Amino acid sequence: EACNPDLGRISDQNAHFIEKIRGLPKPVGIYAFNDFIGIEICRICRASGIRIPAEVLVLGTDNDTSLCRLSNPNLSSISANHRKVGYEAGRVMDTMFRTGSWDAGHILVPPAEVTTRSSTDPDSSSITVIAESVRHIQENIHLAHNVDDLARHVGVSRRKLERLFNA
């Protein structure tokens, strides 16, 4: 198993996932069926040096605001339209009970809302990199820092980090 001390262990299963992502043309989007999985995808990508959102854009589901803001970068998420899903399910069941058959076909329910955060917004990535850099330095003030380590932590090249701070 590979290990990044800042981000935790990368399991063999995750290593297979990373290889699949690396083999895809970039940029690529990954849709996670819930925010927990979306955050884990972000963590695995960061631990592997895959840049979000420059190379991989990640979109979760449920839009748990507190959870999405814990992710680094903050996770974009879809708010499912549960009320409409319930209504459509009830309508299909009513038809089934009244007619004795079901021929609803595909029922598409659009999301209630899509909240864009930095995991899918390439324009916000510069601000995110600077903010994450400052946060990391503040939280680890007791450690010796150098630009190369900081750039690796935030997932950008040394040159890009220097350009962002000099802008």
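Where pLDDT is low, the predicted coordinates should not be read in detail.

Helix α2 comprises the 13 residues 35–47, and the distance from its first C-alpha to its last is 18 Å, close to the 18 Å expected at 1.5 Å a residue. At the N-terminal end, α2 is capped by N34, a side-chain oxygen of which lies 3.0 Å from the backbone nitrogen of F36, while just after the helix G49 adopts a positive phi of about 80 degrees. The buried residues of α2 are D35, G38, I41, C42, I44, C45, R46 and A47.

One of these buried residues, R46, is also in contact with E132, a residue placed in helix α5, which spans residues 125–139. E132 has a relative accessible area of 7% and is therefore classed as buried, the cut-off for that class being under 20%. The side chain of E132 takes part in a polar contact of 2.6 Å with the side chain of R135, and a further polar contact, of 2.7 Å, joins the side chains of E132 and H153. When neighbours within four places in sequence are left aside, the residues in contact with E132 are R46, N72, H153 and V154.

Conventions: Residues numbered from 1 in each chain as written. Predicted model: local features only at pLDDT ≥ 70, side-chain atom pairs only at ≥ 80, totals over all residues. Heavy atoms only, no water. Helix = DSSP H or I, 4+ residues; strand = E, 2+ residues; numbered from the N terminus. Expected span 1.5 Å × (residues − 1). Buried < 20%, exposed > 50% of the residue type's maximum accessible area, 1.4 Å probe, protein only. Polar contact = N/O pair within 3.5 Å; in protein donor to acceptor, adjacent residues only side chain to side chain. Contact = heavy atoms within 4.5 Å.
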